[in-house]
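These are my notebook entries from a first reading of the structure. I record what I looked up, entry by entry.

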Amino acid sequence: MTFLDLLALDFVQTALIAAAVLGLVAGALGPFIVTRKMAFAVHGTSELAFTGGAAALLLGVGVGYGALAGSIIAAVLLGVLSRRESDRDSVIGAILAFGLGMGILMLALYKGRSSNKFGLLVGQIVGVDSTDLQLLVVSSVAVLVVLAVIYRPLFFASVDPDVAVARGVPVRGLSIVFAVLVGVATALSVQVVGALLVLALMITPAAAAMRLTASPVRAVVLSVVFAEVAAVGGILLSLEPGLPVSALVTAVSFVIYLLCRGVGAVRGRPARVA
């Protein structure tokens, strides 16, 4: 089949819509994740999204719902257990190890197709059906609406949490809410790049954007653009050669990051260390 023939297929069009929605959500959240130094937390959350998806496979329910439940549980655990910043890495490490171990156990107990198991780890966006797409769109809209509501206090709390506390900003509550938003977005991203490569959409585009600008609004806009190019471009590049989508999404994302680092170095002012 030619490239245009592949584009005409329903499942490819569904995958492209899903990728575009995920790029929007991941790109919008990414700069806050980088600013709050939560890259490791995203990885830990993705492991419990993987665990939830594995549990859903084992129970015979929708993988998307299982991944969503697992990631939200992870986000709440991280928010509750990481009361001190010094505890964050150890808590994430413990949750990550537990999630990965339980997920592997559940996959070992699952007797279905091996492709379903592999898809949880490296993504399987071509398997997204109309029900999955509906869940993805509804969840994404909810994340974006909540993010829009808390944007200003969240930015304040992310840049200078001590002053924000002194000004009466509910920093602790915002941290938990944002962790849940990240958990939802991570669960959605697992469908594209899998639990092992979720940082390609959640972190890399934002890190690239913040090499180009110190403006929060511009960083979000650029992050969304870069995430869209990586997600949608990765699918388009994978069609005709039949290569894994996740590999090309991560490759495009990393190339964008390297280019932005180069531009930032030439300009002599990387906006942030990312």
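**Entry 1: The record and the model**

I began with the UniProt entry, which is unreviewed and lists residues 12-34, 55-79, 91-112, 133-154, 174-207, 219-237 and 243-260 under "transmembrane region". I note that UniProt positions are given here in the numbering used for this structure, that feature names are shortened, and that annotations may be inferred rather than shown by experiment. The model is a predicted one, in which local features need pLDDT of at least 70 and side-chain atom pairs count only at pLDDT 80 or more, while totals for chains, interfaces and linings use all residues. Residues are numbered from 1 along each chain as its sequence is written, and side-chain values use heavy atoms, with hydrogens and water left out.

I then looked up two of the listed spans. Residues 55-79 are 88% helix and 0% strand, with 23 Å between the end C-alpha atoms. Residues 133-154 are 100% helix and 0% strand, and their end C-alpha atoms lie 29 Å apart.

**Entry 2: The whole protein**

How many helices and strands does the protein have? I found 13 helices and zero strands. Helices (H or I, at least four residues) and strands (E, at least two) are DSSP runs, numbered from the N terminus. The pattern along the sequence reads α-α-α-α-α-α-α-α-α-α-α-α-α.

Of the 274 residues, 49% are buried. Buried means under 20% relative accessible area, exposed means over 50%, and partly exposed lies in between (1.4 Å probe, protein chains only). The accessible surface comes to about 12,500 Å², and carbon and sulfur atoms hold 70% of that surface. Accessible areas come from the Shrake-Rupley method with a 1.4 Å probe; for residues, only the protein chains shown count as cover.

Among contacts with a separation of 6 or more, 76% join residues 24 or more positions apart. Contact means heavy atoms within 4.5 Å.

Is arginine 36 buried or exposed? Arginine 36 is counted as buried because its relative accessible area is 13%. Leaving out residues up to four places away in sequence, arginine 36 touches Arg88, Leu154, Ala157, Ser158, Ser175 and Phe178.

Lysine 37 is in the loop between α2 and α3 as well. Lysine 37 counts as exposed because its relative accessible area is 67%. Lysine 37 is not a glycine, yet its phi is positive, at about 55°. Most residues other than glycine have a negative phi.

Which residues make the nonpolar surface patch of about 660 Å²? I listed Leu58, Leu59, Val61, Phe98, Met102, Leu105 and Leu109. A patch is made of residues with over 30% relative accessible area and no salt bridge; like charges are joined within 9 Å, and nonpolar side chains (Val, Leu, Ile, Met, Phe, Trp, Tyr) within 5 Å. A salt bridge is a side-chain nitrogen of Lys or Arg within 4 Å of a carboxyl oxygen of Asp or Glu.

Both α3 (39-59) and α5 (88-109) supply at least two residues of the patch, and α5 gives the most, with four. Leucine 58 sits in α3 and is classed as partly exposed because its relative accessibility is 36%.

Leucine 100 is in α5 and is partly exposed, with a relative accessible area of 28%. Neighbours within four places in sequence aside, leucine 100 is in contact with Glu47, Phe50 and Thr51. Leucine 100 and alanine 49 are 51 residues apart along the chain, and 9.5 Å separates their C-alpha atoms.

**Entry 3: Helix α13**

Helix α13 (residues 245-267) has 23 residues and spans 33 Å from its first C-alpha to its last, close to the 33 Å expected at 1.5 Å a residue. The expected span is 1.5 Å times one less than the number of residues. The buried residues of α13 include Val245, Leu248, Val252, Ile256, Tyr257 and Cys260.

Serine 246 belongs to α13 and is buried, at 5% relative accessibility.

Leucine 259 and arginine 211 are 48 residues apart in sequence, and C-alpha to C-alpha they are 9.7 Å apart in space.
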